[in-house]
Amino acid sequence: MIKGNIFDIKRFAVHDGPGIRTTIFLKGCPLSCWWCHNPESRDCAPQRSVKHISVGDKIFEKQEVTGYKASIDEIVSEVRRDQIFYEESGGGITLSGGEPLHQPTFCTNLLRALKENEFHTSLDTTGYAPEDVIRQVMPYTDLFLYDLKLMDEGAHMKYTGVSNKGILENLILLLGSGKQVIIRVPVIPGITGTTENIKLMIDFLKSFSRQEVRKSGSWEFDCEVHLLPYHNSAKNKYQRFRVENKMDPGSLLQHEDLLRIKSGFENAGFRVKVD
């Protein structure tokens, strides 16, 4: 029986694909993004930590273990509980992480089982995986939520710990395959949100668009771009799980910068949403 490493299951999620969804968070990620909101997702193994809970003037300590093994049958049984909400809202199941493709066999078989049970499936991925793994999951994935962070390989290595070469190649594969793709851009001040990086991103996506609809000298891209604004709400997690936090505590995303980036994509012909 195949089991995967899970660290959370979030029911009634509304930002991880269409409709009401259940998001399964798989543990383990080969990237080490400076701005990661789930540092507890990096290590595949379960992790012990102490959570501090404030009640009035008192602070209580609670011992917790983050991460556990779950079988495909157990997960399918769990998500069936809310099937009526998926059907009524056009929702389904999203695999997230961490990086779900870091557990390729489990991820592929879980997606297959979900499709066999007629669930709509979304895969929230960094795209950092061998091409054959991407091809394995494609038949069982209705929607790819694809992270696009940095276009310069050196900057990508610095801020995520890995090259972006395979990530971009896998994105080109998906954009040319006919699969539904939503590009998700984490907007990190001074890192991904720079004018240069956004321009390179727009130029890249335009050059590999599948469909250009020319209207008065402009065109429309056939997939959406979602902007994910940076926030530092995970700073306590870094302390709790003893992970180095490389972000400047003063790093704050200005609203006008987010609007500038949104307008840049829209002016280039993209449908844009801020999550």
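I call a residue buried under 20% relative accessible area, exposed over 50%, and partly exposed in between (1.4 Å probe, protein chains only). Before going on, I note that this is a predicted model, where local features need pLDDT of at least 70, side-chain atom pairs count only at pLDDT 80 or more, and totals for chains, interfaces and linings use all residues. Residues are numbered from 1 along each chain as its sequence is written, and side-chain values use heavy atoms, with hydrogens and water left out.

**Entry: Phe119**

I looked up Phe119 and found that this residue is buried, with a relative accessible area of 3%. Phe119 sits in the loop between helix 3 and strand 7; helices (H or I, at least four residues) and strands (E, at least two) are DSSP runs, numbered from the N terminus. What does Phe119 touch, not counting residues up to four places away in sequence? I got Val79, Arg80, Gln83, Tyr86, Ile93, Leu114 and Asp142, with contact meaning heavy atoms within 4.5 Å. I also checked Arg81, 38 residues apart from Phe119 along the chain: their C-alpha atoms are separated by 12 Å.

Next I traced the open sheet, whose nine strands come in the order 5-1-2-6-7-8-9-10-11 with mixed pairing. Two strands count as paired if DSSP finds at least two bridges between them. Strand 5 (68–71) and strand 11 (271–274) are at the edges with a single partner strand each, so one side of each has no neighbour in the sheet. On average, neighbouring strands here are turned by 30° against each other, direction ignored. For angles, axes are lines fitted to C-alpha atoms, for helices over the stretch in contact, and the values run from 0 to 180 degrees between N-to-C directions.

Strand 9 pairs in the parallel sense with strand 8 (residues 143–147) over five bridges, and Leu145 has Ile182 as its bridge partner in strand 9. Strand 9 and strand 10 are also parallel, over five bridges, and there I found Arg184 opposite His226 in strand 10. Why did I note strand 9 as largely enclosed by the rest of the structure? Seven of its eight residues are buried, so I wrote that down. Strand 10 (residues 224–229) runs parallel to strand 11, with four bridges joining them; Val225 has Val272 as its bridge partner in strand 11.

**Entry: helices on the sheet**

Helix 3 (residues 104–116) packs on the sheet and touches strands including strand 1 (3–13) and strand 6 (92–96), its direction making about 175° with that of strand 6. Helix 9 (residues 255–267) lies across strand 9, strand 10 and strand 11, at about 170° to strand 10.
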